[in-house]
Amino acid sequence: MDPFITALVVFVLAVFIGFEVITKVPSTLHTPLMSGSNAISGITLVGALLCSFADSFFYVGVILGFLAIVAATINVVGGYVVTDRMLKMFLKDKK
Amino acid sequence: MLEKTVTDNVLTLIYLFAAVLFIFGLKMMSKVPTAARGNRVSAVGMLIATAATFFALTGGAAISLIWVVIAMAIGGFIGLRMATKVEMTAMPQMVALLNGFGGIASLLVACADYARKATAERFVSDVLEVLGTPAPAEDFVGLTGTSLFATGLATLIGGVTFTGSLIAYGKLQGTKWVPDQPVQFFGQKPIIATLLIVSVLLCVVMAGTPGSGVNGLWLFLIVLMALALGVLLVIGIGGADMPVVIALLNSYSGLAAAMAGFVLNNYALIITGSLVGASGLILTSIMCKAMNRSLMNVLFGGMGSTSGGGGSQVTGEAHESSPEDAAIVLEAAEQVVIVPGYGMAVAQAQHAVKELAGELEKRGKRVYYAIHPVAGRMPGHMNVLLAEAGVEYDVLLDLEPSNAQLPQSDVALVIGANDVTNPDARTNEQSPLFGMPILDVDRARTVFVIKRSLNPGFAGIQNPLYFLDNTRMVFGDAKKVVTELANELEGI
């Protein structure tokens, strides 16, 4: 089977899981959910790493890969840290 | 070769484990008590996926390893600095920027992958062919039709997300070069449609001719068109519609990552990207429903570009009141509902509001906060600000519980909210807001509206609430008035 087909199956099923998991989120958590899921979409970092470790050395690819890692790391680190900051605020009264 | 297969299998299993952690993390983030832990669970998933990739690949080129570490250090430093320095009031801009970084990362990954596979010589031959010197038609290594189609789509979605987010950032930040008002010009929609159709066609062309050397040029054109599309799409949308835009861009950033996953045939990216795409789409639809508008109407309706269109012609006078009088009425009240809006965020009045609520509670009054889903500039904007001020989340009421409480409330205190309280949405079929679910503040016994002036709100729609018999206007800056109110109340 074409690996693309397998990938498509995974994609469609994952979209459904996403819908199932996210419905019924109280509006209080909408912002953290957004920034938190945004941090998750920084998974592109894995893709950027895979690109940058390429064996062939061609400048355009390397430069693009370098920039991709920078952008994706900002996304991941910034997203998780800012989400954590927000969610701690929601909990501080309960401590 | 065998060793490589083993590594690949182990890596994929680790990605699967990370994906499971992401799903659990997201699930935990749907309840307040477990949300912070959920975020950390998902962060652990990310750490595992990244670290595994890193170590699986360090066996490769040593030179690139240094650059990879440097790139991660730079990104980590910037991300950490942004996340720790940002004010809670600037959170919509921050979320917009982060979406943008996600988008550009996916675009860069797709393009880097193309550049890698089409080798250096091949790239030169691209140029030669464009110049009229056809290169020998040999198959490119690893560049299949489907992967090229995905490359095009990842580039397209990533590019739109990037510039769209930058424009959204500009609008939210209030920079001079991006107006808060929707910018619409003649021919904008046809241009958008043309760019969109042509760039998707180019993806198809690339997919149809995987061996062609011109694909590099097509990809470059897709990049340019995607960047232009992002600008054109968001520049036409007004500040008040930003909650929808941000949720949609959030969804796009996930979709772009999923497309990059198709490019690399990497399940970690596909699963995770589609999770985020789905969650962003759900938020987008919640926001659209809360405004009773279709996504198309939000994206292309240009609400607010026309002034006062279709609003009810209000005759009569607004009753003005002072903080002193308002404090006396509040003192006599048993239940008070506070209705915050974007004006509270602009005036940074959330701490003053919390203090006022504290004064009221000290006097044995019940205080609730009625929060409309689209109040502010992003989903959940008001909740974040009030949480920062230390308001407990269980007194923050959604639309329906708010409307259950409002008729039994003695005072509704509207602080910087406008369109979401407009009774025309219920009764006036001519109003552009008609059909939008609103907070029924007019059903409270007395309504105090804290507002700078009687000017219609952002959308240019007059609010008849201000002219009702049970409404009192207190003019002034939200923070200043609320502080005065609290002081007056203390003095009674």
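The model is predicted. Chain A and chain B bury about 8,300 Å² between them. Over all chains, the structure holds 12 salt bridges.

**Cavities**

- Rolling a probe the size of a water molecule over the atoms shows where empty space is left.
- A search of the whole structure turns up five cavities of 30 Å³ or more.
- The second largest cavity has a volume of about 80 Å³.
- Its lining consists of Val160(B), Leu233(B), Val234(B), Ile237(B), Val245(B), Leu248(B), Leu249(B), Tyr252(B) and Leu299(B).
- Two elements of chain B give two or more residues each to this lining: helix H8 (215-235) and helix H9 (242-264).
- H9(B) makes the largest contribution to the lining of the second largest cavity, with four residues.

- The size of an interface is often given as the accessible area lost when the parts come together.
- Carbon and sulfur atoms give 78% of the area buried between chain A and chain B.
- Chain A brings 84 residues to the contact, and chain B brings 107 residues.
- Between the two chains, 16 residue pairs are in polar contact, counting pairs with both residues at pLDDT 80 or more.
- On the side of chain A that touches chain B, four helices each supply at least two residues: H1 (3-22), H2 (30-41), H3 (44-52) and H4 (59-91) of chain A.
- H4(A) supplies the largest share of that side, 30 residues.
- By class, the side of chain A that touches chain B has 51 nonpolar, 24 polar and nine charged residues.

**Salt bridges**

- The count between chain A and chain B is one salt bridge.
- That bridge joins the side chains of Asp84(A) and Arg40(B), at 3.0 Å from N to O.
- Within chain B, the side chains of Arg363(B) and Glu331(B) also meet in a salt bridge, at 3.0 Å from N to O.
- Arg363(B) sits in the loop between helix H14 (350-362) and strand S2 (366-370) of chain B, while Glu331(B) sits in helix H12 (residues 323-332) of chain B, so this pair ties together parts that are 32 residues apart in sequence.

Note on methods: Residues numbered from 1 in each chain as written. Chains lettered and ligands numbered in written order. Predicted model: local features only at pLDDT ≥ 70, side-chain atom pairs only at ≥ 80, totals over all residues. Heavy atoms only, no water. 1 Å grid on protein atoms, 1.4 Å probe; cavity = no way out; pocket = protein on both sides within 12 Å on 5 of 7 lines; lining within 4 Å. Points joined across faces, edges and corners; volume = space filled by probe spheres on them. Contact = heavy atoms within 4.5 Å. Buried area = accessible area lost by both parts, 1.4 Å probe. Salt bridge = Lys/Arg side-chain N within 4 Å of Asp/Glu carboxyl O. Polar contact = N/O pair within 3.5 Å; in protein donor to acceptor, adjacent residues only side chain to side chain. Nonpolar A, V, L, I, M, F, W, Y, C, P; charged D, E, K, R; others polar.
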